[in-house]
Amino acid sequence: MAPEDERIALFLDYENLAIGARDGLGVSPFDFGPVADALAERGRVVTRRAYGDWSAFDEDRRLLARAQVELIEIPQRIGGSRKNAADIKMAVDAIELAYERGFVTTFAIGTGDSDFTPLMHKLREMDKRVIGIGVQSSTSKLLPAACDEFLFYDRLPGVEGRPVPARPSRRRPTSPAAAPEPVAPAEPAAPVAPVEPDPAPDDTDTAGGPDPDLATVVTSTLAGLARATDGPVRASTLKRAILRKDPTFDEGDQGFRGFGELLRHLESRGVLALAPGTAAGDPEVAFPEDTSAEDEAFALFATTVRDLEEAAGGPPQLSGLKDQMRKRDPGFSEKRYGFNGFLSFARAARARDLVTMEWDEGRGDYQLSVF
């Protein structure tokens, strides 16, 4: 293991996350995969624990067990009263692990409950990095400020769902929640793939190139590392992150003798750009700086919005827009330009003053219009 790898301990307040995802995004059962991928891009997860009353989450329990998550059973009802036992047990275990496992550098705490704020402050006092994970609509405003980094589950690549009307929740009361930022549906993710795949051919063609899914794994992981790190991404770091996502990954299965050969092949196809690194044989990996293809992609986006707006006599919705773009350019993928999802690509088009985006509460989707 490389010395610069973070060693991460993951603790999930599962009831808070699962009910938040169900009530805020319509996601049920809770999809742990996007969380696992996001943490794999940041380091090596050495502990995975989820706390809850598993009698209420039978299907979730099976899915988490397959993901190698240790399930801690905490009955939430004793007699006629509801206990806060999961919060207490999780906090005690986290502090105990911080003392007993000095090699753990980072704690990832999955919850939206402000009751965990003192735990996060204490872990930071102990020189531990803290990553928070929560559903935006059910996360206390106090939590993100208590963390070194906070990941909203809604925004993670691979999360499918859309905001749903509020309904009575069984969650424990928390401090006032942060106002939700609606998200558009993510592209469908294959159930066994470690990263979010594109349903259409992407990054490479089927003749003379690596499997399209392989190129997607490399580019999506690179995009995640670029967002999570401040400096350049080295080839060795990229390879370790891919292996943390999928331990079965082997470039030899696609006919490459080494990871460097795979990267050079992707560079020759304009997918990646390589530059000499500080160590011999470990180049820096980035997305190409040639913006011509990127400009064409944004032009296609604006043209598609304009044509749909003229045809319908009103602003089109974000949902389904990617399919319309692929009818015009079957090879389109926002991942080729370093974006983790189509919503991020649309926001980038808005930042470039190509379109406007307004949230429509009635339709539950973004409405777009060209300037």
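This is a predicted model: local features need pLDDT of at least 70, side-chain atom pairs count only at pLDDT 80 or more; totals for chains, interfaces and linings use all residues.
User: How do strands S2 and S3 run, and how many bridges join them?

Analyst: Strand S2 (residues 43–52) and strand S3 (residues 70–73) run parallel and are joined by four bridges. Gly-52 stands opposite Glu-73 in S3.

User: Which helix makes a β-α-β unit with S2 and S3?

Analyst: That is helix H3 (residues 58–66), and the unit is right-handed.

User: Turning to helix H4, which of its residues are buried?

Analyst: Ala-86, Asp-87, Met-90, Asp-93, Ala-94, Leu-97 and Ala-98 are buried in H4. Seen down the helix axis, these buried residues fall within an arc of 140°, so they line one face of H4.

User: What is exposed on the other side of H4?

Analyst: Ile-88 and Tyr-99 are exposed there.

User: And what covers the buried residues of H4?

Analyst: The cover includes strand S1 (6–13), S2, strand S6 (106–110) and helix H5 (117–125).

User: A new topic: how many aromatic pairs does the structure hold?

Analyst: The structure holds 16 aromatic pairs. In one of them, the rings of Phe-332 and Phe-342 have centres 6.2 Å apart and planes at 85°, so this pair is edge-to-face.

User: Where do Phe-332 and Phe-342 lie?

Analyst: Phe-332 is in the loop between helix H11 (321–328) and helix H12 (342–351), while Phe-342 is in helix H12. Phe-332 is buried, with a relative accessible area of 2%, and Phe-342 also counts as buried, at 5% relative accessibility.

User: Which residues form one aromatic cluster?

Analyst: Tyr-14, Phe-30, Trp-54, Phe-57 and Tyr-153 form one.

Note on methods: Residues are numbered from 1 along each chain as its sequence is written. Side-chain values use heavy atoms; hydrogens and water are left out. Two strands pair if DSSP finds at least two bridges between them. Helices (H or I, at least four residues) and strands (E, at least two) are DSSP runs, numbered from the N terminus. A crossover is right-handed if, with the strands pointing away from the viewer, the path from the first strand over the helix to the second runs clockwise. Buried means under 20% relative accessible area, exposed over 50%, partly exposed in between (1.4 Å probe, protein chains only). The arc is that of the directions from the helix axis to the C-beta atoms. Contact means heavy atoms within 4.5 Å. Rings of Phe, Tyr and Trp (its six-membered ring) pair if their centres lie within 6.5 Å; planes under 30 degrees apart count as stacked, over 60 as edge-to-face and the rest as tilted.
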